[in-house]
Amino acid sequence: MAASPGSAGVGGSGAIHGSSPPGFAFDPGLEIKTRSVEQTLLPLVSQITTLINHKDNTKKSDKTLQAIQRVGQAVNLAVGRFVKVGEAIANENWDLKEEINIACIEAKQAGETIAALTDVANLNHSESDGQITIFADKTGVIKAARLLLSSVTKVLLLADRVVIKQIITSRNKVLATMERLEKVNSFQEFVQIFSQFGNEMVEFAHLTGDRQNDLKDEKKKAKMAAARAVLEKCTMMLLTASKTCLRHPNCESAHKNKEGVFNRMKVALDKVIEIVTDCKPHGETDTSSVSIFHAIKEFKVNIEALQENPYFQSKENFSATLEVILEQMEDFTDSAYTSHEHRERILELSTQARVELQQFLSVWMQAQSKKTKSITEELELTILKISHSLNELKKELHSTAMHLAADLLKYHADHVVLKALKLTGVEGNLEALAEYACKLSEQKEQLTEIISAAETLTLHPSSKIAKENLDVFCEAWESQISDMSMLLREISDVFEGRRGEKYGYLSLPKPMKNNVNKSLKPDKPDSEEQAKIAKLGLKLGLLTSDANCEIEKWEDQENEIVRYGQNMSRMAYSLYLFTRGEGPLKTSQDLIHHLEVFAAEGLKLTSSVQAFSKQLKDDDKLMLLLEINKLSPLCHQLQTVTKTSLQNKVFLKVDKCITKTRSMMALLVQLLSLCYKLLKKLQMENSRWVSVTNKDTVDSKT
């Protein structure tokens with residue numbers, strides 16, 4: 001399922017809190033150092049500009065000279081910090097070390113030159129009127145500044161190559177682990193590899209999130225966000241799809257379902273690398289930007305340019321270009337979903353554009369031979385007419401597209417087809433499944449994964465994992481509909497000139513209006529804060545997958561430890577959805593209540609594990625108690641955070657809550673694994689004791 005640019009659930013900069021899990025190879029050092037380079041550069045450029053723009057012949061007092069000297073020294077200090085960052089990057093990347101070091105040496109020399117030339121002691125003094133003429137060697141400062149900016153640019157470009165290389169390496173690690181996941185045959189092996197895969201995906205999310213945040217091109221930024229959102233959603237779907245395959249190894253639809261997810265992830269990974277490296281695979285050309293909108297815009301620009309240069313293009317070029325544009329409009333007029341009114345209006349405006357182009361071309365040909373005022377005015381009038389006609393056509397196409405999208409959203413708003421698919425799956429009704437699968441496919445061809453998930457459940461209606469798998473895929477589709485709805489509103493606002501607030505993260509709690517103190521403003525998360533929340537949410541989502549894998553190992557699913565673990569995992573998943581602007585949690589009150597219940601479940605789990613520990617031997621009991629004693633304080637800390645009033649600091653509170661929840665989930669995964677091992681050990685010891693007892697009984701009878 002394609003993800004929308006708005007659903008930048010994994011996006012942005014910021015760091016995931018807490019210690020790195022085992023196998024988590026990402027070292028944030030380079031990210032911090034590279035960002036530090038840019039942060040150092042900004043004030044440095046400002047200071048250099050101050051020096052260069054200083055008037056040459058103006059006489060200044062000693063006070064002004066001292067100020068100029070301080071600027072020169074500040075530049076030199078900033079360069080020193082910059083050089084240290086550059087050298088640190090060089091030491092970690094031997095293949096670029098020499099180039100970076102040379103650029104750093106140049107920067108250092110330039111900084112020292114600027115400091116020396118702005119030193120009061122070295123300036124030429126003129127005693128006339130008690131004033132001093134400054135910058136005897138302003139040319140030297142300009143040369144040093146140019147050298148400095150040149151060397152700084154070199155270091156930044158080299159550091160950028162390092163980041164790109166790191167992203168590609170991370171992608172390759174993910175692909176290698178994905179290949180292992182595709183071939184896995186046992187559940188135990190799958191759990192181990194998927195845990196590694198989750199860690200590698202978090203590393204990839206870190207690197208690409210920061211890259212996305214640094215992109216200047218809004219289109220590339222949106223494409224990156226979309227690709228990363230696909231990867232995030234597919235990571236969750238891959239877990240259940242793979243488990244279903246392992247549970248039903250001979251089911252063709254289950255394998256088709258899993259292969260669909262893998263293929264979608266590989267496409268998304270390629271898209272990220274394409275954006276990062278700015279090149280298409282296999283030498284392909286980028287046709288994504290060749291849209292009707294851009295074609296009309298370029299056509300208008302070329303026509304208007306004829307007022308300045310009548311020989312700019314040929315008559316044939318204009319006619320051919322318009323025909324290409326009108327041919328593209330057949331996507332609208334030939335669509336079965338376009339209303340009769342919109343179709344007629346598009347055809348009418350297309351005919352009008354052709355007529356007005358012919359009138360324009362006729363006047364334009366006359367204008368090339370006659371240079372009279374009347375012909376010039378007539379040319380201007382025909383240009384205005386065809387521009388207006390093209391604008392009307394563009395508006396009609398936009399209106400048609402918006403209506404089509406709105407109709408699609410309306411059709412899927414109540415999720416009738418998805419509910420029917422689930423019902424037919426549980427009932428094992430293959431005939432009804434085919435009917436609803438056809439309805440769903442009419443709207444979106446890329447929904448084969450949901451359909452194959454439904455087919456698997458229909459063939460195995462009593463399978464819990466097949467049902468869970470279909471639920472996950474349906475939730476992903478529902479979130480896509482939600483994303484589309486938000487994007488539709490944003491696009492409409494931009495097209496109509498209302499560049500209002502973005503609608504992402506609608507479920508982030510909004511502070512209540514304070515009628516007493518109106519000077520207080522709500523703490524609206526900026527893009528970096530939203531990205532940080534999304535990153536925390538991603539790790540939380542992966543931890544719920546790890547917890548579910550551990551729970552799957554337990555034969556007794558009614559065990560108290562398992563039940564409380566399942567409850568905590570489900571609640572953590574809802575919190576993960578919340579970070580994406582999805583799921584059942586809609587308001588700040590919903591979130592607070594949810595976290596209070598989550599903390600209470602954690603304390604219940606603590607009690608159950610403590611009760612279980614009483615059955616163990618001293619060494620095992622001590623080992624388990626050491627772990628469980630870490631959970632109880634976290635539960636109490638979370639309860640404290642939920643009750644603490646952080647007036648108008650919503651992001652800070654959400655950040656703290658998710659961080660605490662993530663720590664609790666990481667501990668839950670460890671506890672479930674440890675309890676399972678200790679339970680198996682206890683059962684073996686009891687079995688051995690029973691066996692020995694039975695043998696003694698037989699021997700005594702003998």
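Phe360 and Trp364 sit four residues apart in helix H11, about one turn of the helix. Helices here are DSSP runs of H or I with at least four residues, numbered from the N terminus. This is a predicted model, where local features need pLDDT of at least 70 and side-chain atom pairs count only at pLDDT 80 or more, while totals for chains, interfaces and linings use all residues. Residues are numbered from 1 along each chain as its sequence is written, and side-chain values use heavy atoms, with hydrogens and water left out.

**Aromatic rings**

- Phe360 and Trp364 are both buried (buried is under 20% relative accessible area, exposed over 50%, partly exposed in between, with a 1.4 Å probe and protein chains only).
- Their ring centres are 6.1 Å apart with planes at 5°, so Phe360 and Trp364 are stacked. Rings of Phe, Tyr and Trp (its six-membered ring) pair if their centres lie within 6.5 Å, and planes under 30 degrees apart count as stacked, over 60 as edge-to-face and the rest as tilted.
- Phe360 also pairs with Phe318: the centres are 6.0 Å apart and the planes at 90°, so this one is edge-to-face.
- That pair ties together distant parts of the chain, with Phe318 in helix H9 (residues 315–328) and Phe360 in helix H11 (residues 340–369), 42 residues apart.
- Phe318 is buried at 1% relative accessible area, and Phe360 is buried at 0%.
- Elsewhere, ring pairs join Phe187, Phe190, Phe194 and Phe197 into a cluster.

**Nonpolar cores**

- The largest nonpolar core has 54 residues, and Leu181, Phe197, Leu231, Leu238, Val261 and Met265 touch the most other members. Such a core is a set of buried Ala, Val, Leu, Ile, Met, Phe, Trp, Tyr and Cys residues joined through side-chain atoms within 4.5 Å.
- A second, separate core of 48 residues includes Trp554, Leu624, Cys675 and Leu678.

**Salt bridges**

- The count comes to 19 salt bridges, each being a side-chain nitrogen of Lys or Arg within 4 Å of a carboxyl oxygen of Asp or Glu.
- One of them joins Glu552 to Lys243, with the closest N and O atoms 3.5 Å apart.
- Glu552 is partly exposed at 27% relative accessible area, whereas Lys243 is buried at 4%.
- Lys243, Arg247 and Glu552 are linked in a network of salt bridges.

Key: Helices (H or I, at least four residues) and strands (E, at least two) are DSSP runs, numbered from the N terminus.
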